[in-house]
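Reader: I have the chain open on my screen. Can you walk me through it, piece by piece?

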Amino acid sequence: MEDRLKYDVLPDIDKIKIPVLLIVGEQDIPTPVKHQKIIYDKLQTEKELHKILTEKRESLRNFRFDTTGTKVKNVKEGLNTKKEISRILTELRVREIKGQ
């Protein structure tokens, strides 16, 4: 168990640039499902970021249409979505610069 604690991949997980296959079982004691979920969430390839970006832009577009029809209950939702889009675009740009 102590050896396992020495090797934390999370700080360097953003350096992984190749496809990753995570395999875990319900009874997996060394690497439980919840730990694999954390790793999965941290692993975001450019393709996944572009997919999330598209979803966020669609969400913002829907929010704007709902605002004109006064269906919106949470006004800050649009601002938060804009911030998330900016963060994704920044991350994509950083990766592009690192790759050059």
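Reader: Start with helix H4. How many residues does it have, and what is its reach from first C-alpha to last?

Author: This is a predicted model, so take every value as computed from it. Helix H4 covers residues 76-99, which is 24 residues. From its first C-alpha to its last it reaches 35 Å. That is close to the 34 Å expected at 1.5 Å a residue.

Reader: Which residues of H4 are buried?

Author: Gly78, Thr81, Ile85, Ile88, Leu92 and Arg95.

Reader: Why would a helix show that kind of spacing?

Author: An α-helix has 3.6 residues a turn, so residues three or four places apart point the same way.

Reader: Take Thr81 from that list. Why does it count as buried?

Author: Thr81 has a relative accessible area of 7%, so it falls under the 20% cut-off for buried.

Reader: And what does Thr81 touch, skipping residues up to four places away in sequence?

Author: Lys56, Ser59 and Leu60.

Reader: Now Glu77. Where does it lie?

Author: Glu77 lies in helix H4 as well. Its relative accessibility is 35%, so Glu77 counts as partly exposed.

Reader: Which residues does Glu77 touch, sequence neighbours aside?

Author: Ser59 and Phe63, not counting residues up to four places away in sequence. Glu77 and Phe63 are 14 residues apart in sequence. Their C-alpha atoms are 7.9 Å apart in space.

Reader: What about Arg61? Which helix is it in?

Author: Arg61 sits in helix H3, residues 46-68. At 39% relative accessibility, Arg61 counts as partly exposed.

Reader: How far is Arg61 from Gly78, C-alpha to C-alpha?

Author: The separation is 9.1 Å, and the two are 17 residues apart along the chain. Gly78 is one of the buried residues of H4.

Reader: Switching topic. How many cavities of 30 Å³ or more are there?

Author: The count comes to one. The largest cavity has a volume of about 30 Å³.

Reader: Which residues line it?

Author: The largest cavity is lined by Asp14, Lys17, Glu91, Val94, Arg95 and Lys98.

Reader: On to the loops. Where is Leu43?

Author: Leu43 is in the loop between H2 and H3.

Reader: Buried or exposed?

Author: Buried, because the relative accessibility of Leu43 is 14%.

Reader: What is Leu43 in contact with, leaving aside neighbours within four places?

Author: Ile13, Ile16, Val20, Leu22 and Glu48. Take Ile16: Leu43 and Ile16 are 27 residues apart in sequence. In space they are 7.9 Å apart, C-alpha to C-alpha.

Reader: And Val24, where is that?

Author: Val24 is in the loop between helix H1 (2-6) and H2. With 33% relative accessibility, Val24 counts as partly exposed.

Reader: How far is Val24 from His35?

Author: Val24 and His35 are 9.7 Å apart in space, C-alpha to C-alpha. In sequence they are eleven residues apart.

Reader: You mentioned Gln36. Which helix holds it?

Author: Gln36 lies in helix H2, residues 33-42. Gln36 counts as buried because its relative accessibility is 11%.

Reader: Which contacts does Gln36 make beyond four places in sequence?

Author: Gln36 is in contact with Leu22, Val24 and Thr31. Leu22 is also a contact of Leu43.

Reader: Now the whole chain. How many helices and strands?

Author: Four helices and zero strands. Read along the sequence, the pattern is α-α-α-α.

Reader: What share of the residues is buried?

Author: Buried residues make up 14% of the 100 residues in the chain.

Reader: And the accessible surface?

Author: About 8,600 Å², with 57% of it belonging to carbon and sulfur atoms.

Reader: Last one. Among contacts between residues at least 6 apart, what share joins residues at least 24 apart?

Author: That share is 56%.

Note on methods. Residues numbered from 1 in each chain as written. Predicted model: local features only at pLDDT ≥ 70, side-chain atom pairs only at ≥ 80, totals over all residues. Heavy atoms only, no water. 1 Å grid on protein atoms, 1.4 Å probe; cavity = no way out; pocket = protein on both sides within 12 Å on 5 of 7 lines; lining within 4 Å. Points joined across faces, edges and corners; volume = space filled by probe spheres on them. Helix = DSSP H or I, 4+ residues; strand = E, 2+ residues; numbered from the N terminus. Expected span 1.5 Å × (residues − 1). Buried < 20%, exposed > 50% of the residue type's maximum accessible area, 1.4 Å probe, protein only. Contact = heavy atoms within 4.5 Å. Areas by Shrake-Rupley, 256 points an atom, 1.4 Å probe, with all protein chains shown as cover.
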